[in-house]
Amino acid sequence: MAVQRRLGRQSLLAVSLFLWTWLLGMDVRARPANMSAPKDKSLINKDENEILPPDHLNGMKIGLDGQLNKDFHQEVFLGKEMEEFEEDSEPRRNRRKLIDIFSKVDFNKDHSVSAKEMQRWIMEKTEEHFQEAMKENKNSFHSVDPDGDGHVTWDEYRIKFLASKGLNEKEIAEKIKNNEDLKLDEDTQDVLESLKDRWFQADNPPADQLLNEQEFLAFLHPEHSRGMLKYMVKEIMRDLDQDGDQKLTLSEFISLPVGTVENQEGQDMDDDWVRERRKEFEDAIDSDRNGIVTLEELEEYMDPMNEHNALNEAKQMIAVADENQNHSLELEEILKYSEYFTGSKLMDYARNVHEEF
């Protein structure tokens, strides 16, 4: 994944747009910058991906690049089981899995899911994503801590990072040791500067320019650290805040950083993107409904372990499928709206559901 860049000449969103369109071989002008890109794991350098902060953070409503997480509902409903639904497209088997999940969410076994039960479930699934990130971080940390002393210096990290970009690790290490010019291209240098700034932000006081395993986790996953979450919020605010007043208006949040759209399909995508961001701004982020989002509101919205947010999310998820308007979900409703909850459309959703349950 592309890493967030702090560039004087280009905004974060422009960089994200460039990388996305470059990977897909598409016309930049035909897509809004904040549309989510398809997940093609074959395009990712594994070594680089393991030590770079990801743009996409599971269980977070907004990524590091300011894009809305279109998979958020599925991530907080399925947790670590999300990949099973992605990889297994057999409808009957997926239906059984969804029935099993329903029985777990239905904590009091009354054959319906209330907002409180859904809130509890969302918090559990978010914690699963946290635990998975910690597990992955342990492997990533060991890969950049060659001497195994439990601390990683900035030089150790940037050597591994540049090696993941195809440079000779021994040559880079020698040049850094001798304080020689690395002769990097401009884009790589810009990425390093962004990473270095993030590195020092993750270095808890007293600052020693060394990261231990927990600090390295905050470096890769800012949602695990209150200080890094604040840093992430400020970075997103900086890239979306057009007039520099440290606040976001609706027009700033929904504005498209690219030029005109050349065809009707692209225009429809623009309209959908603006509509989704408008709804999120008005219904979820702007908590006091005054048309302005402050740093505090954005931080509260982005905090994945905020129980109030989890309850609001639970109510929104129920409202999507609550056809009988009883403010809870029955099994038939979840099965009918399976695509919303799992990303997988199930056939014959109502057939024998009571017997299988």
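This is a predicted model: local features need pLDDT of at least 70, side-chain atom pairs count only at pLDDT 80 or more; totals for chains, interfaces and linings use all residues.
The chain has 357 residues, and 47% of them count as buried. Its secondary structure comes to 18 helices and four strands. Taking contacts between residues at least 6 apart in sequence, 62% join residues at least 24 apart.

Helix α6 takes part in two of the helix contacts described here. One partner is α5, which covers residues 91–105, while α6 itself covers residues 115–144. The axes of these two helices come within 9 Å and cross at roughly 110°. On the α5 side the contact is made by I101, K104 and V105, and on the α6 side by E117, M118, R120 and W121. By class, the contact of α5 with α6 has four nonpolar and three charged residues, with no polar ones.

The other partner is helix α10, residues 213–220, whose axis lies 9 Å from that of α6 at an angle of about 110°. This angle makes α6 roughly perpendicular to α10. From α6, the residues A133, M134, N137, K138, S140, F141 and V144 meet α10, which contributes E213, F216, L217 and L220. The contact of α6 with α10 divides into seven nonpolar, two polar and two charged residues.

Rolling a probe the size of a water molecule over the atoms shows where empty space is left. In this model the count comes to three cavities of 30 Å³ or more. The largest cavity holds about 120 Å³ of space. It is lined by 15 residues, and K61, F72, D303, P304 and N309 are the closest to its centre. Two or more lining residues come from each of α3, α6, α14 (295–302) and α15. Helix α15 gives the largest share of this lining, three residues. The lining of the largest cavity consists of eight nonpolar, four polar and three charged residues.

Among the open spaces, the second largest pocket has a volume of about 490 Å³. Its lining has 17 residues, of which L68, H73, E276, K279 and E280 lie nearest the centre of the pocket. At least two lining residues each are supplied by α3 (72–78), α13 (264–285) and α15 (307–321). The largest share, six residues, comes from α13. The pocket lining divides into eight charged, six nonpolar and three polar residues.

The backbone remains to be described. Most residues other than glycine have a negative phi, and most peptide bonds are trans. The peptide bond from P205 to P206 is cis, with omega near 0°. P206 sits in the loop between α9 (186–202) and β2 (210–211). The loop between α9 and β2 also holds Q209, which is not a glycine but has a positive phi of about 65°.

H327 is another residue other than glycine with a positive phi, here near 65°. H327 is placed in the loop between α15 and α16 (331–336). Its relative accessibility is 64%, so H327 counts as exposed, the cut-off for that class being over 50%.

How values were computed:
Residues are numbered from 1 along each chain as its sequence is written. Side-chain values use heavy atoms; hydrogens and water are left out. Axes are lines fitted to C-alpha atoms, for helices over the stretch in contact, and angles run from 0 to 180 degrees between N-to-C directions. Contact means heavy atoms within 4.5 Å. Ala, Val, Leu, Ile, Met, Phe, Trp, Tyr, Cys and Pro count as nonpolar, Asp, Glu, Lys and Arg as charged, and the others, Gly among them, as polar. On a 1 Å grid over the protein atoms alone, a cavity is a set of points where a 1.4 Å probe fits but cannot get out, and a pocket is an open set with protein on both sides within 12 Å along at least five of seven lines; lining residues have an atom within 4 Å of a point. Grid points are joined across faces, edges and corners, and a volume is the space filled by probe spheres set on the points. Angles under 35 degrees count as roughly parallel, over 145 as roughly antiparallel, 65 to 115 as roughly perpendicular and the rest as oblique. Buried means under 20% relative accessible area, exposed over 50%, partly exposed in between (1.4 Å probe, protein chains only).
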